[in-house]
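Okay, everyone, let's get going.

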Amino acid sequence: MVEAEHLSARGCWTVFTNFLCSRKGTLLCAEMILCLVILIWFSLSTPAYSSLSVVEMILAEIFFVIYMCDLASKIQYWSWIDFFRTLIAATLYLITSIVVLVEGGNRSIIIAGVLGLIAVFLFGYDAFITYPSR
């Protein structure tokens, strides 16, 4: 019983590290980390814009688990779902970042706006590589 639990934990860790080394796993991990950093910078200045980072970070975590468990291959239109998630995230980050940078303010909100523009490129690249070819 103990050996079976130990082997399954080792297998889970192997699946996690193997997926993390893939291009999609690296992108999703980068999205989670960038959303967390943007959330921290927005929280330092004004919490009004932080909901976008929270939602996108949670969605990236959910999609990370779905891809890691290979559930994406069992869902029929999964590539379209992931494409629209990243496209919407890039669009919302672009709008939010432009609004934040035009408003100006203290240093932390400007840093969050610039990081939001970096997130636009990250989510845009993710949308580009997940666009269904069919």
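This is a predicted model: local features need pLDDT of at least 70, side-chain atom pairs count only at pLDDT 80 or more; totals for chains, interfaces and linings use all residues.

Residues are numbered from 1 along each chain as its sequence is written, and side-chain values use heavy atoms, with hydrogens and water left out.

Back to Lys24. Lys24 sits in helix α2; helices here are DSSP runs of H or I with at least four residues, strands are E runs of at least two, and both are numbered from the N terminus. Is Lys24 buried or exposed? Lys24 counts as buried, at 12% relative accessibility. The scale is this: buried is under 20% relative accessible area, exposed is over 50%, and partly exposed is in between, using a 1.4 Å probe and protein chains only. If you skip residues up to four places away in sequence, Lys24 touches Phe19, Tyr67, Asp82, Arg85, Asp126 and Thr130. Touching, or contact, means heavy atoms within 4.5 Å. Also, the C-alpha atoms of Lys24 and Met68 are separated by 9.8 Å, and those two are 44 residues apart along the chain.

Let's zoom out for a second. The C-alpha trace spans about 60 × 40 × 20 Å along its principal axes. Of the 134 residues in the protein chain, 37% are buried. And if you take the contacts with a separation of 6 or more, 73% of them come from residues 24 or more positions apart.

Now, how do the helices pack? Take helix α2, residues 23–45, and helix α5, residues 107–130: their axes come within 9 Å and cross at roughly 160°. That makes α2 roughly antiparallel to α5. For those words, axes are lines fitted to C-alpha atoms, for helices over the stretch in contact, and angles run from 0 to 180 degrees between N-to-C directions. Angles under 35 degrees count as roughly parallel, over 145 as roughly antiparallel, 65 to 115 as roughly perpendicular, and the rest as oblique. The crossing of α2 and α5 is left-handed, and the residues of their contact divide into 20 nonpolar, four polar and four charged. Nonpolar here covers Ala, Val, Leu, Ile, Met, Phe, Trp, Tyr, Cys and Pro, charged covers Asp, Glu, Lys and Arg, and the others, Gly among them, are polar.

Next pair: α4 and α5 have their axes 8 Å apart and pack at an angle of about 155°. That makes α4 roughly antiparallel to α5. In this contact, the residues divide into 16 nonpolar, seven polar and three charged.

Thr86, in helix α4, residues 78–103, is buried, with a relative accessible area of 0%. What does the side chain of Thr86 reach? The backbone nitrogen of Ala127, at 3.5 Å. Leaving aside neighbours within four places in sequence, Thr86 is in contact with Glu31, Phe123, Asp126, Ala127 and Thr130. The second residue is Phe123, in helix α5, and Phe123 is buried too, with a relative accessible area of 1%. Not counting residues up to four places away, Phe123 touches Glu31, Cys35, Glu56, Arg85, Thr86, Ala89, Ala90 and Tyr93.

Last pair: helix α3, residues 50–68, packs with α4 at an angle of about 160°, axes 11 Å apart. So α3 and α4 are roughly antiparallel to each other. Among the residues that meet there are Leu52, Phe63 and Tyr67 in α3, and Trp78, Ile81 and Thr96 in α4.

And one to finish on: Asp70 is in the loop between α3 and α4. Asp70 has a positive phi of about 60° although it is not a glycine, and it is partly exposed, with a relative accessible area of 43%.

Methods: A crossing is left-handed if the near helix is turned anticlockwise from the far one by less than a right angle, and right-handed if clockwise. A polar contact is a pair of N or O atoms within 3.5 Å; within protein, one must be able to donate a hydrogen and the other to accept it, and residues adjacent in sequence count only if both atoms are side-chain atoms.
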